[in-house]
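Open the model in your viewer and get ready to click. Each stop tells you what to select next.

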Amino acid sequence: MSRSRLLGAAVGAATVLAVAAPASAGGPAVGSPGLGDPYFPLAGNGGYDVRHYSLDLDYVRAGNQLDGTTTILATATQDLRRFDLDLRGFTITGVTVNLLPAAFQRDGQELIITPRVPVRRGKPFTVKVRYHGEPTEVIDPDGSSEGWVTTADGAFVVNEPQGSPGWYAANDNPRDKATYDMAITVPKGITAIGNGRLLSRRDHGGRTTWRWYEDSPMAPYLATATNGVFELRVSKVGKIPLYHAVDPVEAPNGAFDRLAAEAEVIRFFSGLWGPYPFSSGGGVVDHAPEVGYALESQTKSQYDNTPDPSTVVHEIAHQWFGNSVSLTVWPDIWLNEGFATYSEWIYDERHGGPTAQQSFDQVYARPPTNSIWTRPPANVGGPAFLFTGTVYDRGAATLQALRVKVGDRTFFRIMRDWYARNRDGNVTTADFIRLAEKRSGTQLDAFFDVWLYQPVKPTTW
Ligand code: ARG
Ligand code: ZN
């Protein structure tokens, strides 16, 4: 192993230790306030594992008032006399643990809960948090906005990497994936779009409740509840329902046609990488141009305006890479963005566009001073650089370089295996390197070191 890889491994080991050890060994059983992510140390909480979220949301855009209840079903991984959830802002009107009122305090994004009866290690338990007020828009270290981002007629709800606690109580860490059901109540005439399948839509008085259910494990940042005036169309690809919602402001820009292309893209990647991961799919085209990015929210990609065809391909590819196969720590973001970008390259290659090698050549032509070379994709240097070009372009170039090195047959076996073995799971860069070495029978440490970890343009590999 190279020096930088060793360093990476050491950081990883320290993180795991911090998670596994009770907050104070031998002392009172308190769940740690964070999971020690190198970029977002307080995101997520220790001591339990969420299995399911029930989100009950009531939202009125006029006045921007959200009335919410988050109910989680979790399993304690240690004795818990106290534990945290992540929630920003709001007035909290009550917390219960196993139906009994619990004491709580706030400290920044930490909601600190003391149940009346401590929870025993290994036991399932439920937590219900009731809150109301204006949802918090979260500003990231890179200056981008996320969370419950208000629009003219509702909200565009996207959370990568840390927007979720701005609208629901979460164990906000991608390594704690859970299933979700959502009941979103909005004024009649407003459409509310959650993850997964639409279970029902009921009018009562002047309000409508939309119920959605996502039955595959989902990282908290991939939840959505985008709402506003939308036209909703339901279609199918094979047996999988696709939900396409378009803001009428975006309809004249061809938004429905762009979304319709998802069916073919899903079929293509199902053949290329393995079966589509989820039991539903779709996309939402809102009009929220100030957001400035699209997000691959699970089963419902979120577009802040009418997307280019390549953006649709990118977000659909994330359903495999990022959503089903999820990162464990945020510094491994290239496992999401590099793989989604590489999926675009292969899509182009197989659809009469440039070959992946030509896409690689374009990236490789950038001079050594370009930030993709000075900023290595698996060590971007901090959360402010999470979504910089290197994780996309040099990340994808790394995969093309690997393909050339090990040959097509082996390369595509690695990629398909990566998905097959890690479906619904969490991974690290070290896992990918291990798999690539195993399938190719080649020592690849030096190769990955130069592509992923060194702040220089690779010249030999
Ligand atoms: N994962 C998104 C993509 O498809 C980008 C999200 C950017 N998020 C942000 N807060 N800037 O590339
Ligand atoms: Zn992406």
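Select ligand 1 and the shell of residues around it. Domain 1 (3–10 + 27–324) and domain 2 (330–453) each give at least three residues to this shell. Those domain bounds come from an automatic or database domain assignment. This is a predicted model: local features need pLDDT of at least 70, side-chain atom pairs count only at pLDDT 80 or more, and totals for chains, interfaces and linings use all residues. Residues are numbered from 1 along each chain as its sequence is written, and side-chain values use heavy atoms, without hydrogens and water.

Which residues are the closest to ligand 1? Pick Glu-160, Glu-296, Glu-315, Glu-337 and Tyr-392, out of 15 that surround ligand 1 (a heavy atom within 4 Å). The shell holds five nonpolar, three polar and seven charged residues. Here Asp, Glu, Lys and Arg count as charged; Ala, Val, Leu, Ile, Met, Phe, Trp, Tyr, Cys and Pro as nonpolar; the others, Gly among them, as polar.

Next, select helix α4 (residues 309–320). Three shell residues, the largest share, come from helix α4 (a DSSP run of H or I, at least four residues; strands are E, at least two).

Now show polar contacts (N or O pairs within 3.5 Å). A polar side-chain atom of Glu-296 lies 2.8 Å from a nitrogen atom of ligand 1. For His-314, a polar side-chain atom is 3.4 Å from a ligand 1 oxygen atom. For His-318, the distance to an oxygen atom of ligand 1 is 3.5 Å. Alone, ligand 1 exposes 350 Å², and the protein buries 94% of that (Shrake-Rupley method, 1.4 Å probe).

Go back to Glu-160. A cis peptide bond joins Glu-160 to Pro-161, with omega about 5 degrees. Pro-161 sits in the loop between β11 (155–158) and β12 (178–187).

Note on methods
Chains lettered and ligands numbered in written order. Polar contact = N/O pair within 3.5 Å; in protein donor to acceptor, adjacent residues only side chain to side chain.
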